[in-house]
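Subject: Handover of a structure and the findings from it

Dear colleague,

Please find below the structure that I am handing over to you. A description of what was found follows directly after it.

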Amino acid sequence: MRVSRTQGVHLVLVGFALALIARSGWVQLRQRARWQAEARDQQTVERAMPAVRGRILDASGVVLVDSRELVRIDVAPTEIRDRAALAAALRRVGVLDAFVQRATDLGRKWVELPGQHLATDVADLLAMRGVHPRRVIERVPPATAGLRNLLGVVDREGRAVGGVEAALDGALRGRDGRTVLVRAGRNGALTSPEERVEPPVPGRTVVLTLHQGLQDIAERALADAIAALGARGGDVVVLDPRDGAIRALASRRARPDATGATALTEPYEPGSTLKPFVAAALLDRGLARVEESIPTYNGRFTLNGRTIADVHEAPSLTFAEVMQYSSNIGIVQFAQRLSPRDQYGVLRDAGFGMVTGVPYPSESPGRLRPVPEWSLQSPASLAMGYEIAVTPLQLALAYGAIANGGELLEPQLVREIRDAEDRVTFRASRRVVRRLMSEATARTMRGLLRDVVEGGTATAADLAVYSLGGKSGTARRTRDDGRGYEAGAYTASFVGLFPAEEPQLVILVKLDDPKGAYGGVTAAPVTKAVLAAAIAARDGALDPSGLRGPPPTPRPAGEAEAGKVAASPGPVDGVVAPSGATGPVGAGVPPAAPVRRSEPPERPPVTFDLARPSRPEGVVDSLRAVPDVTGLPTRAAVRVLHAAGFRVVLVGVGAGPSTSPAAGTLLPGGALVRLPSAR
Amino acid sequence: MRGRSLVLLGLLAFVVVAAGVIWRRSVGVAQARTLRELRETRGSLAATEAALEGAIRDASSRARLARTVEERLGMRIPPESLVIRLPRPTPDAGR
C-alpha cells in the first residue's frame, strides 16, 4: 500500500495526538498523586498560627498580664518607589537615622528594622511599596517590679522565664495552629475555603488570688520603708488566713541580680517571730499556763555556758509577758519543757523545712535540721528563732493557723483557670494540711499577740480604731558566705493579724538590715501603713462586714501611733547572739525613725442621712447577685450591671453565657463582670 | 447549521465558559484579599485596644495615682482613725 504524502502527514499528526493523549493519560492517571502534590507545593504555602498566650488576672478580674499583636518592619530597598517619602514615614514612627539610611540604601536587598509597633501606628508606612510587616505577639509584663518578680516574664521566642509564667506554662501557652494559604502572586497568600485549617487553641486564663490594690499598697509601703530606713531589701506577704489565699506578695532588693519573688525563695532566720509556735505548743500540751511566772534574772541568764540576754530587764515575767516583751530568757526556759523531738515536731508541723506547694518554680523549703544534727545549744536557739531558716510565706502561713483557729492551710496563689470558652477548668479550694493547735490555744495566742501590739514590743503598729495582733522579730543576719553573723546587721520583721479577733489578713513585713534594727520599730509601722491604706481603700481589699471596730469615737491613739515610738524604742523584741555571745547584741543600735507619713488634721464631723438605703435590695452583707441580662442590648445590660453595683468590662464576641460570672453568682460590690460586646 | 457554524458556536461556548470561570476566580481572589485585609485590620485594632486598655490600667492604677495625687493635690492616705465605716441601715429604717 502506497501512502501519499498527505496521508503521511496525517499519520504523523495522529501519532502525535495519540502520544499526547497517552502521555496525558499517563500523567493524569498513573502519576496523578505525584503531580497533585507538586502542584500543591507550588500553589500553596503552609503557615503556623501562633496561639495567643493566656491572660493573668487578679482576684477581682483586673488584667495583670496580657498579650498583644505588634508588627516588626522589614524593608526591601529595591522595591521602594519614593525613597524620600519612606524615609520621612520611618522617622515619624521613631526609626533612628542610621536605620533610615540603611532602609533606603539601594545597595541592600533586605533590611530588618529594630523595634515593634502597633499596626495602627504604622498604617501609612505599611501601605508603602517595599515595606514588609512581620507580625509578632508581645507579652505585656505587669506594671510593677514586685509583680514582675512574682509572675515572671516571657522571652522574645515566647518561652516563659521564671515565676508563675513558667510554673503554669502548660496552661498559659495554648497550642499553635496551622493554615494553608493559596499563593496569589503579588497579592501574597490568601486563605481558601477548600484548604484545611487547624485553628490555634489560645492559652487559658489564670486568675490569681492576688488583689492588685493590696499589691500596690504593699509594694509602695515596702519601697518607702526601704528608702526611709536604708535597708538592703525587704519582703511583704499579705495572706488571707481563712482560705490561705495570697493577697499580695512584694519583694524588693538593692541587689540588681535579685529578680525573683524572694518572699518564696530566700529563707532567713526569723528570730522572735518564731516564739509563738513554741508558746502555742506549750499551751496546747498543758505544759505552761498564761498566768504562770518564770524568773528572768534581770535580763541575763546563762544556759550550757551561753549567756542569753533580754532587752526588757525584769526579775520575773509571766508567760503572757514573755510573749509581750519577747523575752529570750523566758521562752528558752519554757521551751525546756518540750523534748527536742517534740520541739522539732512542732516546727515541722508548722510547715518549716518543706516547700508549701505554691506554684512557683524555685520555692525554697527553708532549713530545719533533724534532731540528730542538733547541738546542745539548738533547743534554746530554736526557741528564739535561730538555727532555722524559713521563707516569709512559710511563716505567714504558720501565723495563718493562729489566725484561723489552728489549721495550717495550703497556700493559694491561683484562684481558678478558665479555658478559651470561659469555662472554669480548675478552681482552688481551701485545703487543710493539718491542725497545728486547738481552737482554744489559737484564741489564747491571738489575745497574747494583741497584747504585743497594744503594750509590748510592737506598739508602733497599733491602730486607733481596730485591734491588731502580731509579733515582732529581730535576728542577726548571717554573712553572705554563710560563715557566722555579720556584725551590726539584722533582719527586722513583724507579722500582724488583722483584725485581732477574727483576722482577715496576715501581714508579714521583713526588712533586711534597716537602720534601727528592731522589728517592732521598723517593720511594724510598715504593717500599719499597709493596713491604713487598705482600710481607706474602697476596692474590696477588706471585707467591711468583718471589720467591727469600736463606735466611731476613736480612742486617742495619736501617742500610741507615733509619740511612743519616736521617743524611745520602748520594749523591743529580744535579740541574742546565737552561740557564745555574751550580751545583748542589739545594744547601741539607734532607735529607728518610724515610717510615717504626714497626716491631715482632724476635720469637723460630716453627717450622713442613713435613712435611705444606699445599696440595692437583695444584697446579702457585702455580696450581691449578678443580674440576668440575657437578651438585653449591650448598653442596657451595662446599665443594669452598673446599677447592681458591679464594674463592667466588654469583651469580644461571646457565644457562651451572657455574663461572666454567670447570672445569679454572688460577688462583692465593685467586682468586675465581663460582658460580651456582641451577643 | 453545519460545519463552520458549529465550530464557531463551540468556540463561543468555550470562550463564555472560560470567561465565566476567570471572572468567578477573580471575584474569589478579590474577596479573599478583602477578607485578609479585614482580618489584619481587626487584629491591628484588637492590638490597639489591648494597648490602650493597658495604658488606662497603668494610668489608673493605685501605684501611679497615689504618688500623683500626693504630689500634685497634696492628698494623703487617711489614718484608719479618720475612716468611718457607716453601718448599713436596717430595711425598715426611716419608715
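How many residues lie between β25(A) and β26(A) in the hairpin that they form? There are six residues between these two strands.

The model is predicted: local features need pLDDT of at least 70, side-chain atom pairs count only at pLDDT 80 or more, and totals for chains, interfaces and linings use all residues. Residues are numbered from 1 along each chain as its sequence is written, while chains are lettered from A and ligands numbered from 1 in the order in which they are written.

Domains

Chain A is divided into domain 1 (48-208), domain 2 (212-414 + 429-550) and domain 3 (623-676); such bounds come from an automatic or database domain assignment. Between the C-alpha centres of domain 1 and domain 3 of chain A there are 32 Å.

The sheet

Five strands of chain A form an open sheet in the order β13-β12-β26-β25-β24, with antiparallel pairing. Two strands are taken to pair if DSSP finds at least two bridges between them. At the edges stand β13 (245-253) and β24 (469-478) of chain A; each has a single partner strand, so one side of each is left without a neighbour in the sheet. On average, and with direction ignored, neighbouring strands of this sheet are turned by 10° against each other.

Strand β25 (residues 485-498) of chain A is joined to strand β26 (residues 505-512) of chain A by eight bridges, and the two run antiparallel. Within this pairing, A:Phe498 stands opposite A:Leu505 in β26(A), and A:Ala492 stands opposite A:Leu511 in β26(A). Helix α16 (residues 392-404) of chain A packs on the sheet and touches β12 (233-240), β25 and β26 of chain A. The direction of α16 makes about 145° with that of β26(A); angles run from 0 to 180 degrees between N-to-C directions, and axes are lines fitted to C-alpha atoms, for helices over the stretch in contact. Helix α17 (residues 439-455) of chain A also packs on the sheet, where it touches β24 and β25 of chain A, and its direction makes about 70° with that of β24(A).

Nine bridges connect β24(A) with β25(A), again in antiparallel fashion. A:Gly469 has A:Leu497 in β25(A) as its bridge partner. The hairpin of β24(A) and β25(A) has six residues between the strands, and A:Gly482 takes a positive phi near 80° there.

The cores

The largest nonpolar core has 137 residues. A nonpolar core is a set of buried Ala, Val, Leu, Ile, Met, Phe, Trp, Tyr and Cys residues joined through C-beta atoms within 7 Å. A residue is buried if 20 or more other C-beta atoms lie within 10 Å of its own, exposed if 12 or fewer, and partly exposed in between, with C-beta atoms placed from the backbone. Helix α18 (residues 519-536) of chain A gives the largest share of this core, eleven residues. Both domain 1 and domain 2 of chain A supply at least three residues to this core.

A:Val506 is among the residues with the most contacts inside the core. Leaving aside its neighbours within four places in sequence, A:Val506 is in contact with residues including A:Leu239, A:Ala396, A:Tyr399 and A:Val495; contact means C-beta atoms, placed from the backbone, within 7 Å. A second, separate core of 16 residues includes A:Val71, A:Val75, A:Val100 and A:Leu125.

Helix packing

Helix α9 (residues 212-229) of chain A packs against α18(A) at an angle of about 145°, with the axes 9 Å apart. Among the residues that meet are A:Ala218 and A:Leu222 in α9(A) and A:Val526 and A:Val530 in α18(A).

Most residues other than glycine have a negative phi, and most peptide bonds are trans. A cis peptide bond joins A:Phe498 and A:Pro499, with omega about -20°, and A:Pro499 is placed in the loop between β25 and β26 of chain A. A:Glu387 is not a glycine, yet has a positive phi of about 60°; with 21 C-beta neighbours inside 10 Å, A:Glu387 counts as buried.

Yours sincerely

Technical notes: Helices (H or I, at least four residues) and strands (E, at least two) are DSSP runs, numbered from the N terminus. Two residues are in contact if their C-beta atoms, placed from the backbone, lie within 7 Å.
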